[in-house]
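Here is a short briefing on one protein model. Please look over the sequence and structure first.

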Amino acid sequence: ISVILFHKKGGIIYIRNKFDSQENSYYETKKSIFKSMPNDASEIVFLGNSITEMCDWSELFGKSKIKNRGISGDIIKGLIDRLDEVVSSNPKKIFLMIGINDLGKGSSVNQILTDYEKLVVLIIKKTPETQLYVQSILPTKNLSKMRNKDIIEINKGIIALSNKYFLKHVN
């Protein structure tokens, strides 16, 4: 019976939609938690999706001023929408890794790089004293929507943006 119900709800597409970064309660809960957390002077922010979220950066580096602002499933436009909370403390550094979920949702390499540049420009504008580190996105198992040839092109674009805006790039 559960298989029939799963199929009637839409199967895998239903599950994907439930976990869409912009339409689920987990995402909204994480945003709410971040808004209620205190800001620290000279904090370092790790900003991104599940790869960022799934690490305890402050424990890894032994620094309590490191803040993890990753949300699983997030996309570039999601970061843009929640950027004010991130930059409200004028962080000392931001480490940015985002883009793989945009690719998985069908965005083109060009659209991802356009959105990525918009995010970078907003960060620079809203917190000009912050050192921004842009990180390459990681390869996958060559999934149908997340092909490594596209990831390589996105990473080339991220490097070009880091050069254009004099940012630090982490490979």
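In helix H10, the buried residues are Asn 148, Asp 150, Ile 151, Ile 154, Asn 155, Gly 157, Ile 158, Leu 161 and Ser 162. The model is predicted.

**Helix H10**
- The cover over the buried residues of H10 includes helix H8 (100-104), helix H9 (109-126), strand E4 (131-135) and E5.
- H10 takes in residues 148-164, which is 17 residues; at 1.5 Å a residue they should span 24 Å, and the end C-alpha atoms are 24 Å apart, so the two values agree.
- Phe 166 follows H10 and has a positive phi, near 55 degrees.

**Sheet**
- The 5 strands form an open sheet with parallel pairing, in the order E2-E1-E3-E4-E5.
- Strand E2 (66-70) and strand E5 (168-170) are at the edges; each has a single partner strand, so one side of each has no neighbour in the sheet.
- From one strand to the next, the twist averages 20 degrees.
- Strand E1 (residues 44-48) runs parallel to strand E3 (residues 93-97), and 5 bridges join them.
- Phe 46 stands opposite Phe 95 in E3.

**Arg 69**
- Arg 69 lies in strand E2.
- Its relative accessible area is 3%, under the 20% cut-off, so Arg 69 counts as buried.
- The side chains of Arg 69 and Glu 85 are joined by a polar contact of 3.4 Å.
- Beyond four places away in sequence, Arg 69 touches Phe 34, Met 37, Val 45, Phe 46, Leu 47, Gly 48, Arg 82, Glu 85 and Val 86.

Technical notes:
Residues numbered from 1 in each chain as written. Predicted model: local features only at pLDDT ≥ 70, side-chain atom pairs only at ≥ 80, totals over all residues. Heavy atoms only, no water. Pairing = 2+ DSSP bridges. Helix = DSSP H or I, 4+ residues; strand = E, 2+ residues; numbered from the N terminus. Axes fitted to C-alpha atoms, helices over the stretch in contact; angles between N-to-C directions. Expected span 1.5 Å × (residues − 1). Buried < 20%, exposed > 50% of the residue type's maximum accessible area, 1.4 Å probe, protein only. Contact = heavy atoms within 4.5 Å. Polar contact = N/O pair within 3.5 Å; in protein donor to acceptor, adjacent residues only side chain to side chain.
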